[in-house]
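Colleague: I am new to this structure and would like to learn how to read its features one by one. Could we go through them together, with the general idea before each case?

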Amino acid sequence: MIDSKWWVTAGSFLASSDFEASAKGSVGGENQEFDFESSLGLDDSPDLFQGERGWQFTDNWSLTAQYFRSTRSARRTLEESIEWEGNTYEVGAFVEAETKFELTRFFFARRFRDSGPHSFKVGLGFHWLSLRAEIAGQATLDDQSTEFRRAASAAEVPIPNIGAWYRYSPSEKWIFNARIDWLSASVDNYSGDIWNASGGVSYEIFDHFSSGANYQIFRLSGDITEDNWRGEVSTTYSGPYLYLAGYW
């Protein structure tokens, strides 16, 4: 499993999520961030598809691509006032809300390995994040008039990162693994930090095919100053990732 040149994984990320954000709005003169799950009734335990494709193109160098996406929507009568994109949605207003989060990650790594069951990699990665948050309903505008408003904020955020992962295979059937990626920086119109960590085990069911389970945490927080979104965002996805893998 460690010596494979190609590998593919696909499975379900059974995540517990948290999405907080603000956008071009103020309450009491301050830019106020609010929790989308609790305020708008979004599912805080979505099941996400996650996939990975890897290529060990030399003895020491590899390239990995990973992808997952989360789209959630809800309808709710508000129990607290919220402000989004300069629109105020008062207590009792019926609103529709949607969030979309998409992550594509590429990681270029150097492997350091002896002839034993250990494999250690360090390298550089690149994340492409797509974020979108939308609220629609009866809103009070700056001039105090009330009308139906649909306000959406979206951002495309390219973020580099550094990372490392370790694998240990005590036998031909088992692999234990741990991985961490991190960045804290200001990049173009985004400033903040990003963390990704996972650890778990996989078991070879038969030749070139295995199943596995990891516990994974992904966290993003920062400020966005793009034309389509000026505000703050904080999101976390954490939980087990159950997958099947093929390698050759």
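Colleague: To begin with a single side chain, does Phe108 count as buried, partly exposed or exposed, and what is its relative accessibility?

Modeller: The general idea is a scale of relative accessible area, on which buried means under 20%, exposed means over 50% and partly exposed lies in between, with a 1.4 Å probe and protein chains only. At 39% relative accessibility, Phe108 counts as partly exposed. Before we go further, please keep in mind that this is a predicted model, in which local features need pLDDT of at least 70 and side-chain atom pairs count only at pLDDT 80 or more, while totals for chains, interfaces and linings use all residues. Residues are numbered from 1 along each chain as its sequence is written, and side-chain values use heavy atoms, with hydrogens and water left out.

Colleague: How should I read aromatic pairs, and how many are there by this rule?

Modeller: Rings of Phe, Tyr and Trp (its six-membered ring) pair if their centres lie within 6.5 Å, and planes under 30 degrees apart count as stacked, over 60 as edge-to-face and the rest as tilted. By this rule the count comes to 21 aromatic pairs. One of them is formed by Phe13 and Phe68, which are edge-to-face, at 5.7 Å centre to centre and with 85° between the planes. This pair links distant parts of the chain, since Phe13 belongs to strand S1 (residues 6–14) and Phe68 to strand S5 (residues 61–77), 55 residues apart; strands (E, at least two residues) are DSSP runs, as are helices (H or I, at least four), and they are numbered from the N terminus. Phe13 is buried at a relative accessible area of 0%, and Phe68 also counts as buried, at 1%.

Phe57 lies in the loop between S4 and S5 and Phe108 in strand S8 (residues 94–112), so the pair ties together parts that are 51 residues apart in sequence. Phe57 counts as partly exposed, at 29% relative accessibility.

Colleague: What is a salt bridge, and how many does a search of the whole structure find?

Modeller: Side chains of opposite charge can pair when their charged atoms come close. The rule used here asks for a side-chain nitrogen of Lys or Arg within 4 Å of a carboxyl oxygen of Asp or Glu. A search of the whole structure finds eleven salt bridges. In one of them the side chains of Glu52 and Arg179 meet at 3.7 Å, N to O, and this pair links distant parts of the chain, with Glu52 in strand S4 (residues 47–55) and Arg179 in strand S11 (residues 174–187), 127 residues apart. Glu52 is buried, at a relative accessible area of 16%, and Arg179 is buried as well, at 12%.

Arg179 also forms a salt bridge with Asp181, at 3.3 Å, N to O, and Asp181 counts as buried at 2% relative accessibility. A network of salt bridges links Glu52, Arg105, Arg179 and Asp181.

Colleague: Where does a charge sit over a ring, for example with Arg167?

Modeller: A charge sits over a ring if NZ of Lys or CZ of Arg is within 6 Å of the ring centre and within 35 degrees of the ring normal. The charged end of Arg167 sits over the ring of Trp7, 5.8 Å from its centre, and Arg110 lies over the face of Phe112, at 4.7 Å from the ring centre. Phe112 has its place in strand S8 and is partly exposed, with a relative accessible area of 41%.

Colleague: How do I read strand pairing, and which strands does S2 pair with?

Modeller: Two strands pair if DSSP finds at least two bridges between them. Strand S2 (residues 16–23) is joined by eight bridges to strand S14 (residues 229–247), and the two run antiparallel; here Ser22 stands opposite Glu232 in S14. S2 also pairs with strand S3 (residues 34–35) in the antiparallel sense, over two bridges, and Glu20 stands opposite Asp35 in S3.
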